[in-house]
Amino acid sequence: MNSKQQRMILKITLSGIIMLLGMTLSFQDFFYNQILFIIAYMIIGYDIIIKSCKNILGGKVFDENFLMTIATIGAMLIKEYNEAVAVMLFYQIGELFQSYAVRESRKSITNLMNIRPDYANVYRKNKWLKVNPNEVDINETILVKPGEKIPLDGIIIKGSSKLNTMALTGESLPQSVSINDTVLNGCINLEGILEIKVTTEFSESTVMKILELVENATNRKSKSENFISKFARLYTPIVVILAISLAIIPPLLFSGATFSSWLYRALSFLVVSCPCALVISIPLSFFGGLGAASKMGILIKGSNYLEALSKTEIVVCDKTGTLTEGEFKVQEIQEVNMKKDELLKTAAYAEYFSNHPIAFSLKKAYGKEIEEDKTKDFKELSGKGISAIVSNHNVLIGNEKLMQEFSIEIEKKKTTNTQIFVAIDHVFSGSIIIGDTIKQSVLDFTENLKHQGIKKTVILTGDEENISKKISSFLKFDEYHAKLLPQDKVAWIENLITQKSSNGNVLFLGDGVNDAPVLARSDIGCAMGGLGSDAAIESSDIVIMNDDPSKLVDAIKLSKKTMKIVKENIIFAISVKIIVLILSALGLASMWWAVFADVGVSVISIINALRILKGVKKK
């Protein structure tokens with residue numbers, strides 16, 4: 001809670017206590033009660049009055065601040081002091097709810113700058129110099145050591161290695177690269193030393209394009225205007241003009257009509273006209289929806305996104321880490337002349353000293369304590385695999401290239417996952433299939449989305465075609481697009497935006513730095529909060545805190561329930577207001593009617609809004 005919200009709570013509490021004192025204490029002279037009410041009113045309402053005056057001086061006369069000011073001052077003039085304070089209290093509570101709901105709104109994306117390299121090792125004057133990446137020209141040669149970020153886009157002219165490309169593609173499996181391969185800046189070199197011929201200036205490099213895409217996409221995202229302000233633009237001037245006319249015209253036209261009598265009607269008219277029910281119940285409805293979403297592990301960064309979510313027509317998803325676990329696991333073991341357990345044990349021992357994701361998956365699958373001294377002569381063979389001595393046996397474990405280098409015949413299996421080959425003492429002993437697993441929670445994901453009125457589901461991923469096709473088909477997505485870089489995803493999102501209806505929205509669900517531009521460009525960006533990158537979370541409008549995509553279905557369902565209640569409150573409040581306004585103008589409604597049309601309608605609307613806090617029912 002920020003300091004502004006703390007001050008508001010203090011104001012509400014203090015004003016409420018003083019108002020209660022004014023209502024409960026019985027002074028012989030009512031003047032002292034009036035003083036208490038005036039003090040309470042000024043504590044809670046002075047900022048609204050000041051804001052209203054500033055807006056008038058700035059040319060913005062008819063807004064909710066102006067109407068709140070004249071309505072409450074009108075109540076004070078007809079000696080309904082507690083009503084004036086109560087109305088302003090309700091208004092400020094509604095404002096507090098709204099400010100709290102949007103407190104977690106979009107933050108800066110400064111953490112995204114962490115993918116920008118700080119330096120480049122460039123070859124000049126027969127030696128390597130560490131310089132700013134901006135100072136490196138096209139066709140110059142740079143050196144990238146293990147653990148360093150590639151500072152500029154280029155082509156490898158010497159060396160081979162594996163690259164962590166998650167910052168750009170979002171895929172967790174390291175990419176093997178060698179001479180003549182193109183590499184992009186922002187990737188991390190994991191193994192060998194690389195010499196790279198620069199092909200792009202830093203200002204035009206992949207990382208800078210990502211940063212620019214995020215900034216531009218954020219600027220292009222439309223923001224819905226607050227309903228109350230829209231309503232007040234028409235409603236406020238109409239009721240003010242009617243109230244003035246009600247106080248002045250009848251005494252001039254009709255004999256026997258006293259100015260004081262019609263002024264009372266006009267002031268009652270203003271009290272009734274105060275849109276307290278709307279001012280409170282609408283923010284409270286959204287606040288309740290945001291609170292219910294938080295209980296379900298969904299952070300929605302403002303009521304405008306909750307409203308936009310109810311109009312979602314197209315849902316677009318990243319694959320790795322979103323629909324899949326983002327963690328490689330042993331899927332299958334193909335043994336040859338030895339038991340599966342022994343094959344897995346040998347592979348885990350051989351990979352003991354490796355920090356490669358595949359090595360972690362093998363050791364995790366083995367699940368037992370490894371005796372370190374049984375693994376000797378460990379060697380990492382860049383781009384191929386590893387060799388090691390395990391219990392006095394020579395073990396080779398890696399890809400097809402490694403087996404070919406040692407002239408070992410293997411048995412390949414047709415699979416959409418990664419096949420790791422194992423040879424013991426130069427004899428093929430079997431293979432292990434490793435792959436990313438689909439999250440159990442997304443098995444009915446598309447079907448449930450369709451039940452919520454989603455017209456199209458799409459996968460956009462940087463992964464390979466065959467894997468993407470398999471997962472898309474298995475999960476029953478309408479279409480997929482594979483091998484995409486961040487700018488490609490943005491292009492596809494913009495294409496999909498043209499396919500929606502004028503009132504519909506396109507939602508993107510993803511994680512990783514590479515998803516930040518497309519999260520920002522889509523109508524609604526939804527990030528995975530548990531494992532997702534900071535940049536993705538900050539660029540998004542909705543965050544699923546437990547990385548469960550099925551929560552998106554709950555969020556859409558909740559948004560529709562929220563909007564249903566909001567519409568109910570709007571129709572109810574406006575209908576009652578119009579009826580009582582007419583009765584007040586005709587002199588048929590007493591101040592009690594005015595109080596009901598203001599406070600009573602507010603209470604009923606609030607009770608209706610509180611239904612949202614129950615969340616949504618599970619099937």
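**Notes on the salt bridges**

1. Let's start with arginine 521: this residue is buried, at a relative accessible area of 16% (buried means under 20% relative accessible area, exposed over 50%, partly exposed in between, with a 1.4 Å probe and protein chains only). Its partner is glutamate 494, and the closest N and O atoms of this salt bridge are 3.0 Å apart (a salt bridge being a side-chain nitrogen of Lys or Arg within 4 Å of a carboxyl oxygen of Asp or Glu). Glutamate 494 is partly exposed, at 26%.

2. A word on what you're looking at: this is a predicted model, where local features need pLDDT of at least 70, side-chain atom pairs count only at pLDDT 80 or more, and totals for chains, interfaces and linings use all residues. Residues are numbered from 1 along each chain as its sequence is written, and side-chain values use heavy atoms, with hydrogens and water left out.

3. Across the whole structure, a search turns up 13 salt bridges. One of them joins lysine 489 to aspartate 318, at 3.2 Å from N to O. Lysine 489 sits in helix α16 and aspartate 318 in the loop between β11 and β12, so this pair ties together parts 171 residues apart in sequence (helices, H or I of at least four residues, and strands, E of at least two, are DSSP runs numbered from the N terminus). Both lysine 489 and aspartate 318 are buried.

4. Then there's lysine 413 with glutamate 332, a salt bridge at 2.6 Å, N to O. Lysine 413 is in the loop between α13 and β16 while glutamate 332 is in strand β12, so parts 81 residues apart in sequence are tied together. Lysine 413 is partly exposed at 32%, and glutamate 332 is partly exposed at 28%.
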